[in-house]
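Here's a quick briefing to read alongside the sequence and the coordinates. Grab a viewer and follow along, topic by topic.

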Amino acid sequence: MSWKAMTPAEACDLVDFWDAAPWPLTRDQAQQLAVDGLGWTTEVEDGVSYLMNTVSGFTVPDVSTIGSRGDLSYLSLDLADTIREVTRESRRFLGDAFALVVREAEIRWGTPVMRDSEQTTSATWDTASGGRISFRLAPRSLSAMFETPQGVELDRKTGHR
């Protein structure tokens with residue numbers, strides 16, 4: 001089985017793109033920014049527009065964009081294909097990709113806060129913009145989350161992290 005993952009530089013450039021965005025942005029503004037700046041597309045289903053990373057060619061191209069009172073709180077981005085059947089090879093593939101992405105990110109942003117739970121490992125950095133970048137390794141996926149400065153502030157106000 002052959003899977004695809006972003007290169008470490010591509011993954012870090014992607015979250016740098018979102019970190020440099022002129023926050024706050026609404027979901028629609030963020031989608032348009034991705035279409036114009038990244039070449040992504042949007043698809044409309046039942047009157048709702050969904051952001052799609054059609055550039056990377058992953059098995060699951062959709063991008064999760066979560067808003068809070070109009071402004072976007074965070075984006076969740078796949079950095080590799082979604083694994084359908086977890087095997088020793090798929091665990092090695094995702095683990096290696098995660099290690100390489102974290103190594104590249106450490107060069108750019110310094111030492112992350114590492115967290116391990118029963119099924120996941122994450123590396124997190126706070127950014128100068130007030131945002132937060134996390135890379136997350138799970139048995140079936142490798143993903144990034146960019147929390148906007150507004151999302152980080154909302155977490156702070158509600159007592160998270």
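Let's start with Leu14, which sits in helix 1 (residues 8-19). Keep in mind that this is a predicted model.

**Leu14**

- Leu14 counts as buried, because its relative accessibility is 7%, and the cut-off for buried is under 20%.
- Leaving out residues up to four places away in sequence, Leu14 is in touch with Met6, Leu38, Trp40 and Leu77.
- Thr111 is another story: 97 residues separate it from Leu14 in sequence, and the C-alpha to C-alpha distance is 19 Å.

**Overall fold**

- You'll find 4 helices and 8 strands in the protein chain.
- Reading from the N terminus, the order of elements is α-α-β-β-β-β-α-β-β-β-β-α.
- The protein chain has a radius of gyration of 15 Å, close to the 15 Å that the globule rule gives for 161 residues, so it is as compact as a globular protein of that length.
- Of the 161 residues in the protein chain, 41% are buried.
- Take the contacts between residues at least 6 apart in sequence: 47% of them join residues at least 24 apart.

**Surface and charge**

- The protein chain has an accessible surface of about 8,800 Å², and carbon and sulfur atoms own 50% of that.
- On the charge side, there are 16 positive and 24 negative side chains in the protein chain.
- The centres of those two sets of charges are 6 Å apart.

**Trp125**

- Trp125 belongs to strand 6 (residues 121-126).
- With a relative accessible area of 4%, Trp125 is buried, since anything under 20% gets that label.
- Not counting residues up to four places away in sequence, Trp125 touches a list of residues that includes Val102, Ala105, Glu106, Trp109 and Gly110.
- Also among the residues that Trp125 touches are Thr111, Pro112, Gly131, Arg132, Ile133 and Phe135.
- Leu94 is 31 residues away from Trp125 along the chain, and their C-alpha atoms are separated by 20 Å.

**Helix 4**

- Helix 4 covers residues 149-157, and its buried residues are Pro149, Gly151, Val152 and Asp155.
- Those four span an arc of only 165° around the axis, which puts them on the same side of helix 4.
- What do the buried residues of helix 4 pack against? Their partners are strand 4 (71-78), strand 7 (132-138) and strand 8 (141-147).

**Backbone details**

- As background, most residues other than glycine have a negative phi, and most peptide bonds are trans.
- The peptide bond joining Trp23 and Pro24 is cis, with omega at about 5°.
- Pro24 itself is in the loop between helix 1 and helix 2 (27-38).
- Asp46 is not a glycine, yet its phi is positive at about 55°.
- Where does Asp46 lie? Look in the loop between strand 1 (41-45) and strand 2 (48-52).
- Asp46 is exposed, because its relative accessible area is 77% and the exposed class starts over 50%.

Technical notes
Residues numbered from 1 in each chain as written. Predicted model: local features only at pLDDT ≥ 70, side-chain atom pairs only at ≥ 80, totals over all residues. Heavy atoms only, no water. Buried < 20%, exposed > 50% of the residue type's maximum accessible area, 1.4 Å probe, protein only. Helix = DSSP H or I, 4+ residues; strand = E, 2+ residues; numbered from the N terminus. Arc of directions from axis to C-beta. Contact = heavy atoms within 4.5 Å. Rg over C-alpha atoms; globule rule 2.2 N^0.38 Å. Areas by Shrake-Rupley, 256 points an atom, 1.4 Å probe, with all protein chains shown as cover. Lys, Arg positive; Asp, Glu negative; His and termini not counted. Charge placed at Lys NZ, Arg CZ, Asp CG, Glu CD.
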